[in-house]
Amino acid sequence: VWATTGDARASYGYLLAKHYGYRESRLAFGGYNWTGGMAKVPDLATLIDQHTEKHSRLTDGALKPALAVVLINLGANGVPPEAEVVAALKKVRSRVGKAAKLIVMIPTGGHARDAVTQAFNTYKSTEKDAEVHFVDLGKIEFATCDGLHPTSAGHEQIFRAALPAFDAIAKSGGGR
């Protein structure tokens, strides 16, 4: 039912934010990818500066109010070039500041695992970013409506599977 309702409160992103005491603000929904997506949606490096609500939070080159955590989970709609992922991470970092935790999560089906992992490692080593983190849950089992998109129960399963990785990140300094 969740996949047809658009109810983001059933998403694992929302459940993770709620669990750690954060308010979730969603930049994009399904169909987005590192390099754009279906229906000609923009790539992440462009999307971060756009607004999907009534007004943009971009002020003087930064998102305001400042974000504490950014979860990026893109890649099920194709394999992104390394340069595009690195550029997107640099752009996101420039918009959220050095204190925000950036968490790059491999899609739960493992799509684009090798490409995103390599790009993440390149970004981490070249930028020396201590607050960028990587989560790869492997290929986990979860309830889906079509073999790819989780149902409400599937989102709950992904949330539960992700908790140990996110607990480790939260304990790595400054997390709630």
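# Reading a sheet, its helices and a ring pair

Student: Where is Ser-11 found?

Tutor: Ser-11 sits in the loop between helix 1 (2–5) and helix 2 (12–19). Keep in mind that this is a predicted model.

Student: Is Ser-11 buried or exposed?

Tutor: Burial is judged by relative accessible area, and under 20% means buried. Ser-11 has 2% relative accessibility, so Ser-11 counts as buried. The side chain of Ser-11 also reaches the backbone nitrogen of Tyr-14, at 3.1 Å.

Student: Which residues of helix 2 are buried?

Tutor: They are Tyr-12, Gly-13, Leu-15, Leu-16 and Ala-17. These buried residues of helix 2 pack against strand 3, strand 4 and helix 6. Just after helix 2 comes Gly-21, which takes a positive phi of about 85°.

Student: Let's turn to the strands. In what order do the three strands of the open sheet lie?

Tutor: Here is the general idea: strands of a sheet pair through backbone hydrogen bonds, either parallel or antiparallel. In this structure, three strands form an open sheet in the order 3-4-5, and the pairing is parallel. Strand 3 (69–72) and strand 5 are the edge strands, each pairing on one side only. Direction ignored, neighbouring strands of this sheet are turned by 20° against each other on average.

Student: How many bridges hold the pairing of strand 3 and strand 4?

Tutor: Strand 3 and strand 4 (residues 101–105) pair in the parallel sense over four bridges.

Student: Which strands does helix 4 touch?

Tutor: Helix 4 (residues 82–96) packs on the sheet and touches strand 3, strand 4 and strand 5. The direction of helix 4 makes about 150° with that of strand 4. Helix 6 (residues 152–171) packs on the sheet as well, touching strand 3, strand 4 and strand 5. For helix 6, the angle with the direction of strand 4 is about 140°.

Student: Why is strand 4 described as largely enclosed?

Tutor: Five of the five residues of strand 4 are buried, so strand 4 is largely enclosed by the rest of the structure.

Student: What do strand 4, helix 5 and strand 5 make?

Tutor: Together they make a right-handed β-α-β unit.

Student: How many aromatic pairs does the count come to?

Tutor: A pair of aromatic rings is described by the distance of the centres and the angle of the planes. Here the count comes to one aromatic pair. Phe-120 and Phe-134 form this pair, which is tilted, with 4.8 Å centre to centre and 35° between the planes. The pair links distant parts of the chain: Phe-120 lies in helix 5 (residues 113–127) and Phe-134 in strand 5 (residues 132–135), 14 residues apart.

Student: What are the relative accessible areas of Phe-120 and Phe-134?

Tutor: Phe-120 has a relative accessible area of 6% and is buried, whereas Phe-134 has 27% and is partly exposed.

Technical notes. Residues numbered from 1 in each chain as written. Predicted model: local features only at pLDDT ≥ 70, side-chain atom pairs only at ≥ 80, totals over all residues. Heavy atoms only, no water. Helix = DSSP H or I, 4+ residues; strand = E, 2+ residues; numbered from the N terminus. Buried < 20%, exposed > 50% of the residue type's maximum accessible area, 1.4 Å probe, protein only. Polar contact = N/O pair within 3.5 Å; in protein donor to acceptor, adjacent residues only side chain to side chain. Phe/Tyr/Trp six-rings, centres within 6.5 Å; stacked < 30°, edge-to-face > 60°. Pairing = 2+ DSSP bridges. Axes fitted to C-alpha atoms, helices over the stretch in contact; angles between N-to-C directions. Contact = heavy atoms within 4.5 Å. Right-handed = clockwise from strand over helix to strand, strands pointing away.
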